[in-house]
Amino acid sequence: MDQNFPTQARVVIVGGGVMGVGLAYHLGHEGWGADTVLLEKAELTSGSTWHAAGQITHSTSNFGLGKCVDYNIGLYSGGLEAETGQPVTWHGCGSFRLAYTEDEMDWLRHTLSVGRALGFNIDLVGPEKVAQLHPFYNLDGVLGALHTPDDGHVDPTNVTMAMATGARQKGVKIIRHCRATNITQQPSGDWKVETEKGTIICEHVVNAGGTYARQMGEWSGLQLPMTSMTHHYFVTEPVPEFEGLDTELPVIRDDKKVSGYIRMEQKRGLIGIYEKENPNSVWHDHCPWDYENWLFDADYDRVMPYLEESMNRMPIFANLGIQREVHGAISHPPDGNPLIGPAPGVRNYWCCCGTQIGIGWGPGLTRELARWMVHGAANISMRDYDPRRFGSYATKEWQVVKAEEDYCLRHEIPFPHLNRLAGRPIKPSALYGLLKSKGAVHEEVYGFERPRFFAKGIAQEDHYSFNRSPVDAMVAAEVKAVREGVGIMDVTAFTKVLIEGPDAYALLDRLTANRMPQQVGSITLTHMLNRAGRIELETTIVRIGEDQFYLVCAAFFEQRLLDHLAHQRHDEDVTITALSDEWSALSLNGPQSRNVLAACTDTDLSNAAFRWLSAQQITVAGHEIWALRMSYAGELGWEFHMPATACLDVYNALWAAGEAYGIADYGSFAMNAMRMEKAFKGAGELTNEVTLAEANVLRFARMDKAYLGRDKTLNTALPWVCAYLEIEPDGHADGHGGEAVLHNGRVVGSTASVAYGPTVGKILAFAYVKPEAAEPGTALEVIIHGSPRAARVLAAPAYDPNSLKPREDAP
């Protein structure tokens with residue numbers, strides 16, 4: 001063994017592509033460089049990084065990802081080279097994203113608003129502007145384009161090598177030609193990384209294995225969902241028309257015709273294609289360890305229609321030959337988003353993999369991962385990237401189906417609420433078949449099928465729009481049914497966890513900001529924080545026994561909740577049981593809900609016997625179930641939690657009793673509209689980016705108790721605060737989150753959630769804005785689809801501001 005080979009480290013990163021090296025670089029900047037080791041089995045960048053085309057664009061409608069992209073462009077365009085002295089070969093040529101249809105134009109308008117919120121140099125232009133800056137592109141049929149002049153492309157190898165230099169300058173040890181062969185956790189909690197050159201014991205291990213990441217995870221008993229998909233780009237012979245150019249042409253992103261991108265590669269043309277049918281997945285089991293700088297033979301049959309169209313769009317390419325074919329493998333998780341964060345079920349195993357756009361996204365995301373590892377929280381919302389967003393349902397077979405679906409959607413319009421249907425249903429609830437027969441359009445949430453709305457004679461795709469659609473009328477009808485009568489919803493997708501034992505109260509009390517429920521049957525809404533004082537998750541706690549507590553939270557937080565409890569647990573005598581797969585849940589809401597429930601149970605439902613925010617075991621349809629008097633709709637209502645075997649009987653009994661009162665099914669779209677009318681914050685507002693004070697939920701925090709993150713959540717300056725807005729409607733477009741918010745003509749923040757409230761006839765939004773813009777009554781503007789709309793900060797919920805309806809007593 002090499003005498004210089006380290007045997008101990010705080011962090012070991014396995015994988016030397018742009019993601020692993022990017023993390024090493026940023027750990028160095030966060031102060032952990034001297035105790036970080038990076039292992040690469042061959043040469044740095046020899047996996048997927050080296051064959052990347054290297055484009056990067058501000059054209060993104062994801063607010064957090066936009067922050068990453070902007071950081072990356074700054075890094076590439078000067079910061080990294082100035083710091084390290086290493087060239088990165090930045091080409092700041094700008095780019096256009098073209099639109100041929102009104103739907104594409106709406107997408108660009110929304111992206112424009114998000115870009116304005118982030119301060120990007122971005123504009124929506126007509127074809128004449130494209131022609132001025134790119135005279136060789138065939139613009140037939142083009143309606144407009146998003147122009148992002150600060151974009152460009154970069155040499156992937158140079159960038160990675162420059163970050164490696166920066167990492168070394170901060171003390172990181174990089175060991176090449178050293179393949180890891182196993183990663184196992186020791187009884188102490190430390191990780192043992194076995195390699196061809198020796199063994200390292202470390203506190204933190206990072207899987208940055210790229211196309212090897214999934215099989216590396218299996219060493220540690222982990223299921224990390226991703227599949228390798230192959231992607232083509234082609235480089236033409238030299239283009240005579242490029243010879244006399246003084247400046248480089250902008251990159252063209254043509255999602256409709258080319259399903260990819262076209263740019264200059266020095267004096268040649270480069271054409272990248274993501275075909276929309278017959279995608280090619282490889283290495284379903286294991287990527288061969290000896291594949292370095294590997295490329296596949298070009299498959300012209302797959303890409304020919306798009307390659308031919310690229311010649312039509314760039315006629316100056318038509319008579320040129322292809323000089324270079326690049327057909328390489330790239331990791332695709334089931335939903336297309338990378339796996340950045342803690343692996344499920346273990347401590348201090350971090351994922352930095354599954355990234356299909358490593359050059360475009362990598363440095364920014366690895367900066368956030370470094371912050372998460374060192375400080376306990378990232379500075380952007382990591383919900384979309386958290387590896388724990390998938391559960392055990394994500395089998396290898398399912399992963400392949402979803403990755404192929406994602407690849408085909410890579411250059412399709414990312415409509416709001418786009419329903420990805422491949423591989424479903426994977427976790428149908430007990431009511432799935434019945435509700436589907438009644439017109440339910442379901443969405444997938446942590447594998448579960450949850451009804452969105454109940455369709456009345458329209459196709460699935462009819463609700464794909466950035467504007468109002470026929471679905472809005474259906475949602476309004478569902479809201480009206482709940483507000484005026486009674487509605488029922490399948491909410492089985494909620495996370496449901498039982499915590500019991502002599503120390504259950506003590507464990508929960510030191511992890512929650514609010515006062516714990518004191519009496520059996522009491523309910524508390526509270527938040528768990530991380531050590532940085534940011535919000536880890538929101539949960540409802542029901543005390544169902546002296547030493548028994550039932551926790552309910554959003555579906556996608558299940559593994560996050562389980563891990564938080566396990567990692568923060570000391571020596572408490574508790575048992576933690578996940579009930580989500582075995583238990584179902586229903587929600588019954590509306591002024592007639594008490595009458596409906598009374599027809600199905602002998603339990604006294606009056607306020608005196610069954611108070612607001614309390615729980616009881618009751619009998620319905622012969623089944624003992626838990627009834628929780630609470631309402632996310634802001635109405636008189638209950639949630640019912642029960643074994644899945646009881647759900648159909650309970651639903652049928654409630655439905656039969658409700659027919660006299662006009663009972664209606666409703667879905668998550670109506671639920672969201674009603675929670676916005678009631679100013680109930682959701683997952684879009686309560687993220688790891690914010691403290692309780694920033695989220696404006698300090699009323700759910702106690703000042704007289706100690707809990708994890710307390711001091712940091714209470715004693716932090718407020719760069720922003722969550723405000724509740726009403727926005728002037730135009731009957732056409734309502735917004736979708738991420739839109740720029742202006743005060744006196746200056747950008748002061750962005751929206752987090754937006755929905756039309758049919759009961760109040762207003763667009764309602766939560767927005768994170770500068771504190772001076774959050775005062776009730778403040779006049780603001782919100783940029784929706786490229787146009788400013790008048791907005792006003794509200795002091796109280798738009799519907800039932802005194803919250804009297806949920807507390808109504810029996811007549």
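Trp 32 sits in the loop between helix H1 (18-29) and strand S2. Helices (H or I, at least four residues) and strands (E, at least two) are DSSP runs, numbered from the N terminus. The model is predicted: local features need pLDDT of at least 70, side-chain atom pairs count only at pLDDT 80 or more, and totals for chains, interfaces and linings use all residues. Residues are numbered from 1 along each chain as its sequence is written, and side-chain values use heavy atoms, with hydrogens and water left out.

Is Trp 32 buried or exposed? Trp 32 is buried, at a relative accessible area of 11%. Buried means under 20% relative accessible area, exposed over 50%, and partly exposed in between (1.4 Å probe, protein chains only). Not counting residues up to four places away in sequence, Trp 32 touches Arg 10, Val 11, Leu 27, His 204, Met 373 and Val 374. Contact means heavy atoms within 4.5 Å. Arg 116 is 84 residues from Trp 32 along the chain, and their C-alpha atoms are separated by 35 Å.

Strand S1 covers residues 8-14. Of its 7 residues, 5 are buried, so S1 is largely enclosed by the rest of the structure. Two strands pair if DSSP finds at least two bridges between them.

S1 runs parallel to S12, joined by 6 bridges. Here Ile 13 stands opposite Val 206 in S12. S1 also runs parallel to strand S2 (residues 36-39), with 4 bridges between them. Val 11 has Thr 36 as its bridge partner in S2.

## Asn 158

Asn 158 lies in helix H5 (residues 156-169). With 24% relative accessibility, Asn 158 counts as partly exposed. Leaving aside neighbours within four places in sequence, Asn 158 is in contact with Pro 87, Val 88 and Thr 89. Ala 377 is 219 residues from Asn 158 in sequence and 30 Å from it in space, C-alpha to C-alpha.

## The second largest pocket

Which residues lie nearest the centre of the second largest pocket? They are Asn 348, Trp 350, Arg 531, His 567 and Gln 568, out of 22 lining residues. The pocket holds about 480 Å³ of space. On a 1 Å grid over the protein atoms alone, a pocket is an open set of points with protein on both sides within 12 Å along at least five of seven lines; a cavity is a set of points where a 1.4 Å probe fits but cannot get out; lining residues have an atom within 4 Å of a point. Grid points are joined across faces, edges and corners, and a volume is the space filled by probe spheres set on the points.

Four elements each supply at least two residues of this lining: strand S12 (199-207), strand S20 (349-353), helix H8 (358-375) and helix H13 (558-568). H13 gives the largest share, 5 residues. By class, the lining of this pocket has 8 nonpolar, 7 polar and 7 charged residues. Ala, Val, Leu, Ile, Met, Phe, Trp, Tyr, Cys and Pro count as nonpolar; Asp, Glu, Lys and Arg as charged; the others, Gly among them, as polar.

## Cavities

The count is 5 cavities of 30 Å³ or more. The largest cavity has a volume of about 100 Å³. It is lined by 16 residues, with Gly 47, Thr 211, Trp 283, Tyr 291 and Trp 294 closest to its centre. The lining of the largest cavity divides into 8 nonpolar, 7 polar and 1 charged.

## An open sheet

Five strands form an open antiparallel sheet in the order S25-S26-S27-S24-S28. Strand S25 (523-529) and strand S28 (575-578) stand at the edges. Each has a single partner strand, so one side of each is left without a neighbour in the sheet. Neighbouring strands are turned by 30° against each other on average, direction ignored. Axes are lines fitted to C-alpha atoms, for helices over the stretch in contact, and angles run from 0 to 180 degrees between N-to-C directions.

Strand S24 (residues 495-500) pairs with S28 in the antiparallel sense over 4 bridges. Ile 499 has Ile 576 as its bridge partner in S28.

## A closed barrel

Six strands close into an antiparallel barrel in the order S34-S37-S36-S35-S38-S39. Its neighbouring strands are turned by 40° against each other on average, direction ignored.

Strand S35 (residues 740-743) pairs with strand S36 (residues 746-757) in the antiparallel sense over 4 bridges. His 743 has Arg 746 as its bridge partner in S36. Helix H16 (residues 668-677) packs on this sheet, touching strand S34 (721-727), S36 and strand S37 (762-769). The direction of H16 makes about 125° with that of S36.
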